[in-house]
Amino acid sequence: MAVVRTEGLVKTYGATRALDDITLTFPDGGFFGLLGPSGSGKTTLLRAIAGFVIPDSGRVFIDDAPVENVPVEAREIGMVFQNYALFPNMTVAGNVGFGLEVRKVPAAERKRRVAEVLDLVQLGELGDRKPHELSGGQRQRVAMARAIVTRPRVLLLDEPLSALDKSLRVEMQIELKRIQREVGITTIFVTHDQEEALTLSDQIGILRDGRLVRHGPPREVYDNPRDPFTAQFLGEANLFSGTPEPGGLRLADGTLIPGAPTATIAVRAEDLRITLDEPAAPIRLRARLRQRIFAGAMGTCVLDWRGNPLKAIGRDQDFAGLPAQGDVWLSWDSADMIPLSEG
Amino acid sequence: MTNRFLARLGRIYLGLILFFLYAPILAMAAMSFNASEFYQLPFRFSTEWYERLWRNDEILTAAWRSVWIAVVVTVLATAAGTAASIALFRYDIPGKRILQVLLFPPIAIPWLITGTAMLIFFFGIGVGRGTPSVIVGHVALALPYVIVVVTARLSTFDRTLEEAARSLGAGPFTVTMRVTVPWILPGIVAGALFAFAVSFDQFVVSYFLSEPGDTTLPVLIYTAIRKGFTPEINAISTIIIGLSMAIMLVAARYAKFGGER
Amino acid sequence: MSGSLARTDRLRALALLSPAYLWLMAAVFLPLSAMAFFSFLSDVPFGGRDWQFTLDNYRAFLETPTYATLLWKSVKLGLIVTALSVLIGFPCAYVLAKVVRGRSREALFLLVILPFWSNSLVRIFSWAIVLRGNGILGSTVDAILPWDVRLNLMFSPTAIVIGLVHSYLPYVILTSYLALQAIDDSLIEAARSLGARRRTILRRLILPLAAPGIIAGAVLIFVPVVGSFMEPRILGGRRGTYYGTVIEDQFVAVFNWPLGAALSFILLAVVLGILALASPAIRRATL
């Protein structure tokens, strides 16, 4: 177990900056999720910590010791790859035991530890199988077992669940969290799935174009995204910009939003109320309902306000009285307005 | 750091291999432009050996024969090989694996064995040596190459295109000529060039099957080498190797073997 | 699917397949059978010669130690050339597949494979020009070294080995390259993340995964080298007598075709035995 720290990491590929001055601390024993759209540099950051990517400048520390001169194989990391990268010429037990074999762990102890970790990932009886005989979920567990059996200081997960279908993914998320908690290892994982990041992590970091936009505990980042990118990337948020006035925020159509704290505010899709009749609430807008989408327990309304698309999410019965299309009233509570900096 | 060092070492190694592969060929080519009849150095440039070549009727006749044999072989092997490839791809033929395995003997059995066996057989049935026998032998050797190359191209073909054409009312022949063949055309061209190269460069089988005094170019060169080396042989060899490498470069463009998938 | 449709399909398949396979039958498989038949004859069965069935040709192989010795000499040559080609060619394929990146890789690969598709006779001749006494290699070495060396490799087993390695090296590079390229880089990264060093990765991961390709390449070299006769003739001179040259002599000089057929057939048995042993590896390499 260890604290991982990066300091001013920069990596450029040609003209693109894959990493742009990343300084970040990954706490001991924590589950840190790196989140961002594709090309945001999250995988590059993970690979720089692993040692596969040599940064142009900046440093990586594991337990306060700089590791730039430590090759991958000596960094004592465990890594789970997106495609699992199981060795096709070895059995499950051979794959899991490989790291121990390389470390010259005696055969008897090796066998015991392999059996132990296979039990932990609930694959106790599959040690003799070859990787191609396993299902996707089983492969994922083998990759996990292989990465943790050497008791690495850091566990790195590169989109570990993206190759699984949705129901299996949810099951493996719970499984992953359980294993990580039992082993208590510092874990950094990369994902583009915001729900996955929010579910698993006790800290998240959001990257965009190689820069760290925001980091912190998931709830804090979600509730207070601070900038438009984070607000829209985490969950569904509707943005409103205007000119600040003493009474509030004057929008382009002349509507005054009383109590708006900044020039740009966000309102979560689940906090928007839609009514046919003009509501009594102090914050209200006239908008056009374009489409209602039924998706089981929850429903989505797609709206248009002066050419800007808006989205509202709610239980299906919340939208019960609404027509399929037409003019409606939007309103929200002033407590639901999220102040944003310019961006 | 050590990684970069190893990468550089690897590149140097690759350079040495290329030197090993090309140096003797370049040396031989250089000697074809050297005036000395006994390959004596220092080098003095001369095109005398090429001029002599031009006046050597025996070599010109053999060269011409080699070319037209290769053309005939290319046409026959490409047509038969492409047809077989399409059948192997399209139809669920019982014993398909056996048919595929049968392609290996002409490639895998040493040509010495195939060549002598052909010689025995053609004498046994009364055909004997001569250009027709050479052509029959060359086509058999070239067929597997054509089938392998065309099949590789076919494996990139989307079967639903054929089904779409049939759903639009096209019969099997129209489907083949208008949909399948245009798609695999690069493969067919590559296969044809391979067939040409196999025939044009073929020595062993031609050696056993051609009539003495009525031979192909490689056989003539072999006979000449055994009598003694002359710069004239260098000249004709340089032409042959330049030509066959040029053909293979074009074939590689079409076949795209070894490229990124 | 109705029966008649299946039948027309079958007819079409037959029509498309028969030219190629009848040709192979007539030009390869019937001749091989004819050779088997001939190897049991006392003389050729045409030109009004007397002939009968006999085992004499095979007896000759067993009773004349020269043939077995020469076969062993050819097998040894095959082993040496194969081993050298694998040792030289595999690192080259590795550099091409795993070190060189981008566009230059394709071009370099083509450069390595290209000579393989050019005329083999001419390439052997080019070595004769280089290796002969007072040839280019001799003159170059003489010019570089201050003392007098009489380097004459021509007409020696070394010359034959050099020429054959030159001829067949691209084979093993090709098959190894294809096998190495199929190894996902993330496997190597995974092994490194587990603490494996370069040598361990090579021994436990790369070599086992590339083995089918290496074996396929080795067989594709070994088989033709055992049956080679042109290369020993040109580069070996009078010392270039091998099993292949003896077979050649039976057909073009001595005209003892039945004996030649028997010797060819024994060689074929050796070759088929080796192909059968290696066929699982070859199948895995070509899939």
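Trainee: Which residues of chain C does UniProt annotate as "transmembrane region"?

Mentor: The unreviewed UniProt entry gives that name to residues 21-41, 77-96, 108-130, 159-180, 201-223 and 257-278 of chain C. Such annotations may be inferred rather than shown by experiment, and their positions are given in the numbering used here. The model itself is predicted: local features need pLDDT of at least 70 and side-chain atom pairs pLDDT 80 or more, while totals for chains, interfaces and linings use all residues. Residues are numbered from 1 along each chain as its sequence is written, with chains lettered from A and ligands numbered from 1 in the order in which they are written.

Trainee: What makes up residues 201-223 of chain C, helix or strand?

Mentor: These residues are 100% helix and 0% strand, with the end C-alpha atoms 31 Å apart. Residues 257-278 of chain C are likewise 100% helix and 0% strand, and their end C-alpha atoms are also 31 Å apart. Helices are DSSP runs of H or I with at least four residues, and strands are runs of E with at least two, numbered from the N terminus.

Trainee: How many residues of chain C are in contact with chain B?

Mentor: Two residues are in contact if their C-beta atoms, placed from the backbone, lie within 7 Å; by that rule, 69 residues of chain C touch 70 residues of chain B. Helix H1 (residues 3-38) of chain C gives the most to its side, with 18 residues. That side of chain C has 53 nonpolar, eleven polar and five charged residues. Here Ala, Val, Leu, Ile, Met, Phe, Trp, Tyr, Cys and Pro count as nonpolar, Asp, Glu, Lys and Arg as charged, and the others, Gly among them, as polar.

Trainee: How many residues form the contact between chain A and chain C?

Mentor: Chain A gives 18 residues and chain C gives 15. In chain A, strand S6 (77-80) and helix H2 (92-102) each supply two or more of them.

Trainee: Why are strands S17 and S18 of chain A said to pair?

Mentor: Pairing needs at least two bridges found by DSSP. Strand S17 (residues 298-305) and strand S18 (residues 308-315) of chain A have eight, in the antiparallel sense, so they meet the definition. One of the bridges joins A:Asp304 to A:Pro309 in S18(A). The two strands form a hairpin with two residues between them, and A:Arg306 in the turn has a positive phi of about 50°.

Trainee: What share of chain A counts as buried?

Mentor: Of its 343 residues, 39% are buried, which means that 20 or more other C-beta atoms, placed from the backbone, lie within 10 Å of the residue's own.

Terms used. Buried ≥ 20, exposed ≤ 12 C-beta atoms within 10 Å, placed from the backbone.
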